[in-house]
Amino acid sequence: MAVAKKNTNWFAVGVSAAVVVVLIALGGVVWFMNNQATSPGATPTSNQTFDAKTGAISFGEGKDEIAVFADFQCPICKSFEDQFGADLEAAAADGRITLSYHPIAILDRYSQGTEYSSRSAGAAVCVAESNPDKYLDFAKALFENQPAENSTGLTNAQLVDIAKQVGADDAASCITDDTYRKFGAAQAKAHDIKGTPTVEVNGKRLNLQDAADMKTFTDLIS
């Protein structure tokens, strides 16, 4: 009885192997792109005012800490700063509170693709790193010059001009190079920020629509 000869279709095997290689390569590309999209980017250097790990830029040495998470593209954040900024700074200067600002980015979709939220938050980090004593002036100037939603926002050159106007000249190249462009979005994710402004007192997140929570906040700064 003749034994049937088994033929291997090497062409099919080759095609299958090639498909596997392509799929692995595509998987690597997808992983790389996802990793780049969620990467916190360059890591800034901490100093006495700025904690690069938590993203907090802190003033005062009071036993109670008020943390404010803000997006410089956010109109409500500007209103919050206009209403409470001076009182917060005074309470920190008097030693009644420790005031910690966190520049974050969640509103890039409102700047026509220029990612102004991320760029302005990154610029603020540049100032906190190189000229921390100028941070409050820079942040206030950003709110004073806040671009309209759905505009292209301020350019990096304009952000540099604002930094220089408040005396934060050392931050210029950092802002121009977008060194910390990814930092604000990464911090928003790390702190689970869904809306701004977000305020915490001694680590407890407040509901700014709740009268009791607002009383807790205002009692500390009045």
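The following legends describe close-up views of a predicted model.

**View A. Helix α7 and the elements that cover its buried residues.** Helix α7 spans residues 183–190, and its buried residues are Phe183, Gly184, Ala186, Gln187 and Ala188. Among the elements covering these buried residues are strand β1 (50–51), strand β4 (97–103) and helix α3 (116–130). Asp192, which follows α7, has a positive phi, near 55°.

**View B. Thr196 in the loop between α7 and β5.** Thr196 has a relative accessible area of 13% and is therefore buried, the cut-off being under 20%. Leaving aside residues up to four places away in sequence, Thr196 touches Phe69, Ala70, Asp71, Cys74, Ile76, Cys77, Ile104 and Ile106.

**View C. The open sheet of six strands.** The strand order is β1-β2-β4-β3-β5-β6, and the pairing is mixed. Strands β1 and β6 (204–205) form the edges, each pairing on one side only.

**View D. The pairing of strands β5 and β6.** Strand β5, comprising residues 198–201, pairs with β6 in the antiparallel sense, over two bridges. Glu200 has Arg205 of β6 as its bridge partner. Strand β6 is also an edge strand of the sheet.

**View E. Helix α8 across the sheet strands.** Helix α8, formed by residues 211–221, lies across β3 (64–70), β4, β5 and β6. Relative to β3, the helix runs at about 115°. Of the strands shown here, β4 is also among the elements that cover the buried residues of α7.

Note on methods: Residues are numbered from 1 along each chain as its sequence is written. This is a predicted model: local features need pLDDT of at least 70, side-chain atom pairs count only at pLDDT 80 or more; totals for chains, interfaces and linings use all residues. Side-chain values use heavy atoms; hydrogens and water are left out. Buried means under 20% relative accessible area, exposed over 50%, partly exposed in between (1.4 Å probe, protein chains only). Helices (H or I, at least four residues) and strands (E, at least two) are DSSP runs, numbered from the N terminus. Contact means heavy atoms within 4.5 Å. Two strands pair if DSSP finds at least two bridges between them. Axes are lines fitted to C-alpha atoms, for helices over the stretch in contact, and angles run from 0 to 180 degrees between N-to-C directions.
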